[in-house]
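Hi,

Here is the structure I promised to pass on.

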Amino acid sequence: MCYLRSCIVKAGGTGRATQMGKTGEETGADGSMVSIADYYAGKNVLITGATGFMGKVLVEKLLRSCPEVQTLYLLVRPKAGQSMHERVSDMMKCKLFDRVREDNPDFHQKIVPISSELTQPALAISPEDVERLTSCVNIIFHCAATIRFDEPLKHALQLNVMATQQLLNLAQQMHHLQAFIHISTAYANCNRRHIDEIIYPPPVEPKKLIDSLEWMEDSIVRDITPRLIGDRPNTYTYTKALAECVVQRESSKLSIGIIRPSIVGASWQEPFPGWIDNFNGPSGVFIAAGKGILRTMRANNDAVADLIPVDVVINLTLAAGWYTAVHRPKAALVYNCTTGGINPFHWGEIEHHVMSSFKRNPLEQAFRRPNANITSNYLMNQYWILVSHKFPALIYDLYLRLSGQKPQMMRIFNRLHKAIGLLEYFSSQDWEWNSENMNMLMSHLSPEDRKTFNFDVRQLNWPEYIENYCIGTKKYVLNEDMSDIPAAKQHLRKLRNIRYTFNTLLLVFIWRVFIARSQMARNIWYFVVSLCFKFLSYFRASSTLTN
């Protein structure tokens, strides 16, 4: 009944009838290829990871740009004392859905949460829900994964590999499934310098690894993990590579597409510039820099920072779903969703624009004035960590202890150093990604679809994007009001005056302790001062003669 209803909506409810051509492609009544929005009209979509960052944007975009979509089934698990219905309800209250809410206040009626647990057999979906999904789902977007770089290997395998296999098993039972889109990562094969849009041989046979680790204690698995992952930096990239292999093996039975985004950041254009809702990845680093907590980071200034806006990834994902369903490619197509080879931007440039943005739009109650430096030198980085991080943290914690408060700054810095350490691998080197499939997909879109589902990163203006990104962390992550910027700027001026006062007192202290007590030190001091005075006098005289 569910599928029959979707067919009726698709044929008559959108104002444009569609039919299946001889090649299996979905075409309009006039024989032309349907648009992306027309394709999704009347379709039933299953989404995993819908309450995550990318999943939310995917749900919002589908509801807003494909308003005739029939139903969105979201696999959700209860969490932190909330039922799945409460989690979905909270998600839909998010500011992200404001534009959808204006266009269709009843949009929530299209969303159906399905109780599920990715770590359980058969995803813990009830028989009734399995019957419902297998009878009507037309397309699957598999976004769910653990993105923690330091996730224990067993848990990462459960979430990223075994759950993917079980979802594929469910997909094969679906009577009307037209496409299965898997969200991977551009760094699944980061042990290579040049990465094509192909699925590389897995580092190990997934099933053999899972069977081998099943009987091992967690402590043993933890000890052998470094040898297992080899030249990959973490369990995340390792298990994502295994998941791609698992997906590929089902490509003879299902129409499959694989999206490989690089470092996913705030939105570029939709639903509004700079939307972000978490501290993950670059967002946490930006906020730490804006608060004046982060003063140094080990990275290569000349390395490409392969950021990709989340709305670009989602637009490409929806377009890939349309293409996979309509054209039915014989093999799984991989789309490297990156910016480095098309519109590169470097870590040194990011550092400059982030600092500039937070000086124009400062965060409230900053610890220090924003002033971070990037260096690739290990010893220099350690020096600045000691001088700019640990020493100020010790002083501030001492102040907190003396004032009867609980010390916390050293703990914050330790967590920050751990997070930055996990990012060093990606901020210190470059990769080359092939993007032929992404360009091919773009060439198949109509002018209207290219505008509505824009993933052309050549149009991305990086300084403007970084500015909106920083403002987005202020507005949507920290929930700070833009009207408080004058007060935040006043706070920065106060911090600047404190710094000048401290430096002056430090200079006087050094003078009294070292220079005033030594004739040799005074002679050196007077020599340096007189040399500077002579240089200024010479510069002034030269300027006068030139004039």
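Let me start with a side-chain pair: Glu 480 and Lys 474 are joined by a polar contact of 2.8 Å. By polar contact I mean a pair of N or O atoms within 3.5 Å; within protein, one must be able to donate a hydrogen and the other to accept it, and residues adjacent in sequence count only if both atoms are side-chain atoms.

Before going on, some housekeeping. This is a predicted model, where local features need pLDDT of at least 70 and side-chain atom pairs count only at pLDDT 80 or more, while totals for chains, interfaces and linings use all residues. Residues are numbered from 1 along each chain as its sequence is written, and side-chain values use heavy atoms, with hydrogens and water left out.

Back to Glu 480. You'll find Glu 480 in the loop between helix H18 (462–477) and helix H19 (485–515); helices (H or I, at least four residues) and strands (E, at least two) are DSSP runs, numbered from the N terminus. Glu 480 counts as buried because its relative accessibility is 10%, the cut-offs being under 20% relative accessible area for buried, over 50% for exposed and partly exposed in between (1.4 Å probe, protein chains only). Not counting residues up to four places away in sequence, Glu 480 touches Lys 291, Pro 362, Leu 363, Glu 364, Lys 474 and Lys 475, contact being heavy atoms within 4.5 Å.

The unreviewed UniProt entry annotates residues 389–480 as "domain: Fatty acyl-CoA reductase C-terminal". UniProt positions are in the numbering used here, feature names are shortened, and annotations may be inferred rather than shown by experiment. Over residues 389–480 the chain is 70% helix and 2% strand.

Since 13 of the 13 residues of H3 are buried, H3 is largely enclosed by the rest of the structure. Leu 63 itself has 7% relative accessibility, so it counts as buried. Leaving aside neighbours within four places in sequence, its contacts include Val 69, Phe 97 and Ile 111.

Finally, strand E13 (residues 333–337) is mostly covered, with five of its five residues buried. Leu 333, Tyr 335 and Cys 337 point one way from E13, and Val 334 and Asn 336 the other way. In a regular strand the side chains alternate between the two faces of the sheet. Strand E9 (residues 256–261) runs parallel to E13, joined by five bridges; two strands pair if DSSP finds at least two bridges between them. Pro 261 has Cys 337 as its bridge partner in E13.

Cheers
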